[in-house]
Amino acid sequence: MWIVFSLLAALSAAVVVTLSKVGVKNVEPSVAFAVQSVLIIVVAWGVVAWQGHLPTVAQIEARTWGFLVAAGIITCVSSLLSFQALKLGQASQTSSFDKISLVFSIILAVVFLKEKVTWQLVVGAVLMAGGAILIAFSKPEAG
């Protein structure tokens, strides 16, 4: 089932990139991100309330809060950087180059989470990084 959710997340991310590229055309990237962030907050807390999980918020341990807050801050930085990249570059190129995060995720998972490295993981990561770099630095055809 995780594959279905991952594919839906990927499709959603592709739609977000496309809509955001149009959105940052005449707006500063930080403003565009702020607008989206307000909506993210409303929807996210709405889902928590709808699912009946509001009481569990008080049960979150301090250490977990630390990780969640740090991840939230880094998510904001990542989004701000992505919006700036979208403002300056083509959506297909900036979004593909952003996917090199997969390689960083694998490295961090191996170092900090002690996940195992397999040859398939290494080959897949190299192919994805190579594809992302190839797309990111491709020249548009003259038309």
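Colleague: Hi! Read along the sequence, what pattern does the chain follow?

Modeller: Hello! This is a predicted model, and its chain runs α-α-α-α-α-α along the sequence. That comes to six helices and zero strands.

Colleague: Thanks. How big a box do the C-alpha atoms fill?

Modeller: Taken along the principal axes, the box is roughly 55 × 45 × 25 Å.

Colleague: And what share of the residues is buried?

Modeller: Of the 143 residues in the chain, 14% count as buried. The chain exposes about 11,100 Å², and carbon and sulfur atoms supply 75% of that area.

Colleague: What about charges: how many positive and negative side chains are there?

Modeller: There are 8 positive and 5 negative side chains, with the centres of the two sets 3 Å apart.

Colleague: Okay, contacts next. Which share comes from residues 24 or more positions apart?

Modeller: Such pairs make up 72% of the chain's contacts with a separation of 6 or more.

Colleague: Switching to annotations, what does UniProt list for residues 2-136?

Modeller: The unreviewed UniProt entry gives "domain: EamA" for residues 2-136. In the model, that span is 81% helix and 0% strand, and its end C-alpha atoms lie 28 Å apart.

Colleague: Which residues does the "transmembrane region" annotation cover?

Modeller: According to the unreviewed UniProt entry, residues 30-50, 62-84, 96-113 and 120-138. Residues 62-84 are 100% helix in the model, with end C-alpha atoms 33 Å apart. For residues 120-138 the figure is 89% helix and 0% strand, and the end C-alpha atoms are 26 Å apart.

Colleague: Let's zoom in. Where does Gln93 sit?

Modeller: Gln93 belongs to helix H4, which spans residues 91-98.

Colleague: Buried or exposed?

Modeller: Gln93 counts as buried, because its relative accessibility is 17% and the cut-off for buried is under 20%.

Colleague: So what does the Gln93 side chain reach?

Modeller: The backbone oxygen of Ala136, at 3.1 Å. Setting aside residues up to four places away in sequence, Gln93 touches Ile135, Ala136, Phe137 and Ser138.

Colleague: Nice. Which residues of H4 are buried?

Modeller: In H4, Ala91, Gln93, Thr94 and Ser96 are buried. The cover over the buried residues of H4 includes helix H1 (2-23), helix H3 (62-88) and H6.

Colleague: You mentioned H1. What is Ser20 in contact with?

Modeller: Ser20, a residue of helix H1, is in contact with Gln36, Phe83 and Leu86, leaving aside neighbours within four places in sequence. Ser20 is buried too, with a relative accessibility of 3%.

Colleague: Which residues is Leu121 in contact with?

Modeller: Ile106 and Lys116, once neighbours within four places in sequence are left aside.

How values were computed: Residues are numbered from 1 along each chain as its sequence is written. This is a predicted model: local features need pLDDT of at least 70, side-chain atom pairs count only at pLDDT 80 or more; totals for chains, interfaces and linings use all residues. Side-chain values use heavy atoms; hydrogens and water are left out. UniProt positions are given in the numbering used here, feature names are shortened, and annotations may be inferred rather than shown by experiment. Helices (H or I, at least four residues) and strands (E, at least two) are DSSP runs, numbered from the N terminus. Contact means heavy atoms within 4.5 Å. Buried means under 20% relative accessible area, exposed over 50%, partly exposed in between (1.4 Å probe, protein chains only). Accessible areas come from the Shrake-Rupley method with a 1.4 Å probe; for residues, only the protein chains shown count as cover. Lys and Arg count as positive and Asp and Glu as negative; His and the chain ends are not counted. The place of a charge is taken as NZ of Lys, CZ of Arg, CG of Asp or CD of Glu. A polar contact is a pair of N or O atoms within 3.5 Å; within protein, one must be able to donate a hydrogen and the other to accept it, and residues adjacent in sequence count only if both atoms are side-chain atoms.
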